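I opened my notebook to record what I looked up in this structure.

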Amino acid sequence: MSKQENYDPSEIKRHMGMSAKNRISNTVIYIVLIIMSIVWLAPFVFIVLQSFRVESTWMVGYVVPKTWGLDNYINLAKTDFWHWYTNTFIMALATAVGQTVIVLCMSYTLSRFRFKMRNGLMRFMLILGMFPGMLSMIILYRLLKDLNMTQANAVPGLILVYIASSGMGYYVSKGFFDTVPKTLDEAARIDGATRAQVLWKIILPMAKPIVIYTILTAFMGPWGDFVVARYISMNTPAGMNVAVGLNSWLSADQIISRYTMFCAGGVIVAIPVTILFMCLQRYYVEGVTGGAVKG
Amino acid sequence: MASVVLKNVVKIYDNKVTAVHDFNLNIRDKEFVVFVGPSGCGKSTTLRMIAGLEEISGGTVEIDGEVVNDLQPKDRHIAMVFQNYALYPHMTVYDNMAFPLRIQKMPEDEIYERVTHAAEILGITDYLLRKPRALSGGQRQRVAIGRAMVRDSKVFLMDEPLSNLDAKLRNQMRAEIILLRKRLDTTFIYVTHDQTEAMTLGDRIVIMKDGYIMQVGSPGDVFYHPGNLFVAEFIGAPKMNTFKAELVKEDGEYYVKAFGSKLIADGKRGEDLKAKGVPGQQIILGVRPEHMFLASDGDPNAIECTLEVSEMMGSELHLHAITDDGTRLIVRVQTINLTPEQRKSLEIGKRIRVTFEGKVMHFFDAETEENILYPYIPEEV
């Protein structure tokens with residue numbers, strides 16, 4: 001006897017009514033989502049198409065290239081592009097490592113230790129975080145100039161800037177650490193672990209999403225930075241990152257010959273970040289929601 | 001294996017609340033000591049100070065003759081079992097139990113030996129490769145005990161280890177802890193709020209209230225000679241009946257006046273009263289429910305009361321009654337001894353008459369609530 005025969009007919013009817021309602025609301029939701037993704041994706045598709053166009057290096061009045069080719073990508077090698085790309089990659093990698101270590105240590109400290117001025121410190125950082133970072137740019141430039149870390153030497157200077165204030169981004173991971181029961185720390189400490197071992201062996205393995213989220217955001221900052229990098233490198237190609245470098249091609253005298261190469265550069269910049277996100281998206285979402293909701 | 005000595009230990013929290021006052025205790029080598037008391041009495045705080053999880057605000061804690069006040073938990077050579085098990089959720093049972101040994105950098109062969117040995121004793125060999133979340137409460141607690149067992153720790157601390165288990169499992173685990181204690185033969189400090197656990201497990205029981213030690217003694221001591229009214233009421237279930245009464249000395253003999261009845265203090269109690277020459281005074285009289293019984297019809301000194309609730313516990317009845325002046329009392333009656341007439345008379349709302357023997361009376365000072373005959377004298381540390 002099939003199971004379906006046991007269903008109450010009125011029940012089935014009620015379900016059908018609900019599913020009709022569901023269908024309508026789903027349709028609306030999907031339409032909105034489709035429109036949103038078109039708006040979002042259009043510029044990217046546009047840039048990708050431009051980057052494969054070989055018939056003209058200047059802007060044209062149509063979207064789909066008439067002649068396709070990889071010239072723009074190949075020609076990038078004849079410019080400073082790969083130098084900038086390497087600069088950016090080094091900075092993003094160093095920042096990702098440095099910032100993650102600092103943020104995690106900071107969060108663990110604020111979550112677990114009770115010390116004088118703990119609350120004061122947290123409040124102070126909250127207020128400090130309300131000021132736009134741009135405010136510190138002039139003094140940052142002066143300081144880095146004295147250390148000889150501007151213009152051509154901007155890379156180490158920028159790494160310093162990116163990492164310097166990273167402790168203030170402790171909120172999400174502290175929120176997550178707060179949800180890990182303190183008795184786990186206590187048990188581990190009694191089992192013979194030092195505070196550092198507790199963090200590395202007990203807390204972090206449980207906090208994988210948060211760690212990945214922290215690494216991703218730390219990597220993304222320098223990767224997409226324009227303002228600070230522009231300011232510290234001061235028009236010196238050797239010290240530029242890829243965003244500043246590509247932007248320099250948009251000056252009136254260069255744009256005619258480099259517009260499509262600019263697009264090709266943009267595509268290459270987007271590739272590693274896209275791959276990273278596609279692989280780690282799951283953790284990223286868990287990280288944001290896990291830390292935020294319970295924190 | 002080690003002694004633990006607490007001298008004048010004080011805990012004051014940051015918010016100026018004093019959780020533990022001047023705590024003095026000498027826990028001997030291989031002794032099983034239970035801290036018991038109502039919640040908020042400072043028993044867990046004291047244990048955590050011994051473990052090093054809580055800072056000691058004053059006084060000293062010595063383990064094996066060494067003052068450990070400023071030592072980190074890891075340097076105190078202790079093992080601890082927590083109420084909520086505190087297993088590492090991302091590790092398997094095996095890894096959980098191996099964790100303290102890996103931290104010590106013990107060779108993996110030896111770790112394997114120790115963990116499998118402990119698992120065998122605790123009957124968790126089949127679960128070694130599971131994660132804690134796939135285990136039941138009882139199994140988790142076994143793993144937690146196993147993790148504490150694999151190390152050669154000087155002192156074994158347990159913070160309400162059975163409180164999260166259901167009643168049946170709790171009884172079973174209690175018996176297993178007694179066996180474990182025999183096997184490990186080390187110093188145990190056990191915290192609980194359950195007086196049954198305290199009585200069954202401890203060599204000595206430390207009864208605490210509001211951060212003070214009320215009495216330290218063997219289960220027999222605290223049951224038969226409670227140092228004060230608090231201990232008398234805390235130990236034993238259902239709790240001791242207490243009445244306002246007057247101790248009268250007449251012609252060198254003692255009797256107690258309560259509810260218009262005259263109850264003669266005879267037996268050992270009478271002798272002790274005479275030996276100490278206790279003067280007549282207002283007292284609080286204590287009698288345990290199991291020491292009371294239904295009076296025979298002719299007894300002129302029986303206490304008249306009205307039966308309010310009758311709880312059938314199987315082998316015995318718990319009779320909750322109220323006297324004419326509003327004092328409530330409980331009587332435990334063995335059902336096997338009841339005649340059919342008596343059974344019939346034990347209906348709710350009926351008058352019953354209860355009494356007790358002179359030798360089971362406890363006398364407490366009406367003001368200080370101290371035991372008049374057997375006051376608790378703290379041991380010197």
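Predicted model: local features only at pLDDT ≥ 70, side-chain atom pairs only at ≥ 80, totals over all residues.

Entry 1, the chain contact. I looked up where the chains meet, and found 17 residues of chain B in contact with 15 residues of chain A. Contact here means that two C-beta atoms, placed from the backbone, lie within 7 Å. On the side of chain B that touches chain A, β6 (78–81) and α2 (93–103) of chain B each supply at least two residues. I then sorted the residues of that side of chain B: 13 are nonpolar, three polar and one charged. Nonpolar covers Ala, Val, Leu, Ile, Met, Phe, Trp, Tyr, Cys and Pro; charged covers Asp, Glu, Lys and Arg; the others, Gly among them, are polar. Helices (H or I, at least four residues) and strands (E, at least two) are DSSP runs, numbered from the N terminus.

Residues are numbered from 1 along each chain as its sequence is written, while chains are lettered from A and ligands numbered from 1 in the order in which they are written.

The largest nonpolar core has 163 residues. Such a core is a set of buried Ala, Val, Leu, Ile, Met, Phe, Trp, Tyr and Cys residues joined through C-beta atoms within 7 Å. Buried means that 20 or more other C-beta atoms lie within 10 Å of the residue's own. A:Leu158, B:Leu157, B:Ile189 and B:Val206 have the most contacts inside this core. Helix α3 (residues 81–112) of chain A gives the largest share of the core, 10 residues. I followed B:Leu157 and found that, leaving out residues up to four places away in sequence, its contacts include B:Leu47, B:Ile50 and B:Ile189.

Entry 4, a four-strand sheet. Chain B has an open antiparallel sheet in the order β2-β1-β4-β5. Strands pair if DSSP finds at least two bridges between them. β2 (18–27) and β5 (66–67) of chain B are at the edges with a single partner strand each, so one side of each has no neighbour in the sheet. β4 (residues 58–63) and β5 of chain B pair over two bridges, and B:Ile63 has B:Glu66 as its bridge partner.

Entry 5, a five-strand sheet. I traced another open antiparallel sheet in chain B, in the order β13-β12-β11-β14-β20. β11 (residues 241–250) and β14 (residues 281–287) of chain B pair over seven bridges. B:Glu246 stands opposite B:Gln282.

How values were computed. Buried ≥ 20, exposed ≤ 12 C-beta atoms within 10 Å, placed from the backbone.
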